[in-house]
Amino acid sequence: MKIVWESLRFILIFTILMLILGFITDLILLMIGLTAEIYRSIAIIAAFIITCLLYKKKGWGKKYNKLILLITFILIVLFTVVIPDMSPTHLHTWKYAYSYGFPFHFFTLYSENGATFIIPNLFSKGRIIWDAQIFLIYLNFIIIYFTIHFLFKYVNRRK
């Protein structure tokens, strides 16, 4: 249960920082005259880095098993990259929505001429808009982390 609370703290801090940095980034880019939607990933990356640095400085996150945590992150990325979206949602006459993630689809790409896998969609020449749902990433993390944690305990108990 401590893992769930620790994960909730991480998600809460990350979300608050992402909202604040996203607002500041949008405000600055709009004052300069640039399209802010294109550069939203800057705020997400900065919020993630600041959250990780805050965790390291405060000494939080000691309850996580580092090996299981690393395996969980690797599996989330691999599931997103390897599992294709075989039935994209047809939104308009020219736009499709491709959803990725396992067990819950948390990453959606809106593309004109897309493919079933995420890598070709990211590097396609058409206009791409993406959406990531933090809550579903959290659910995927919790499910995969506890599954691996259970498997490690089961294997160690059998030895």
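These legends describe close-up views of one predicted model. Local features need pLDDT of at least 70, side-chain atom pairs count only at pLDDT 80 or more, and totals for chains, interfaces and linings use all residues. Residues are numbered from 1 along each chain as its sequence is written, and side-chain values use heavy atoms, without hydrogens and water.

**View 1. Glu6 and Arg9 form a salt bridge.**
The structure holds 1 salt bridge (a side-chain nitrogen of Lys or Arg within 4 Å of a carboxyl oxygen of Asp or Glu). Its N to O distance is 2.8 Å. Both residues lie in helix α1 (residues 2-32), 3 residues apart, about one turn of the helix. Helices are DSSP runs of H or I with at least four residues, strands are runs of E with at least two, and both are numbered from the N terminus. Glu6 counts as buried because its relative accessibility is 4%. Arg9, at 29%, counts as partly exposed. Buried means under 20% relative accessible area, exposed over 50%, and partly exposed in between (1.4 Å probe, protein chains only).

**View 2. Thr25 sits in helix α1.**
Thr25 is buried, at 16% relative accessibility. Its side chain reaches the backbone oxygen of Leu21 at 2.6 Å. Leaving aside neighbours within four places in sequence, Thr25 is in contact with Tyr39 and Ala43 (contact means heavy atoms within 4.5 Å).

**View 3. Helix α3 has a buried face.**
Ile68, Leu69, Thr72, Ile76 and Thr80 are buried in α3. Seen down the helix axis, the buried residues fall within an arc of 105°, so they line one face. That arc is taken from the directions from the helix axis to the C-beta atoms. The buried residues pack against β2 (96-100), α4 (118-122) and α5 (134-158). The face turned away from the buried side carries the exposed residues Lys66, Leu70 and Val77. Asn65 caps the N-terminal end of α3, with a side-chain oxygen 3.2 Å from the backbone nitrogen of Leu67.

**View 4. Tyr64 belongs to the largest nonpolar core.**
This core has 27 residues. A nonpolar core is a set of buried Ala, Val, Leu, Ile, Met, Phe, Trp, Tyr and Cys residues joined through side-chain atoms within 4.5 Å. Tyr64, Tyr100, Phe107, Phe141 and Tyr145 have the most contacts inside the core. Helices α1, α2 (40-58), α3 and α5 and strands β2 and β3 (107-111) each supply at least two of its residues. α5 gives the most, with 8 residues. Beyond neighbours within four places in sequence, Tyr64 is in contact with Ile3, Glu6, Ser7, Leu69, Phe141 and Tyr145.

Definitions and conventions: A polar contact is a pair of N or O atoms within 3.5 Å; within protein, one must be able to donate a hydrogen and the other to accept it, and residues adjacent in sequence count only if both atoms are side-chain atoms.
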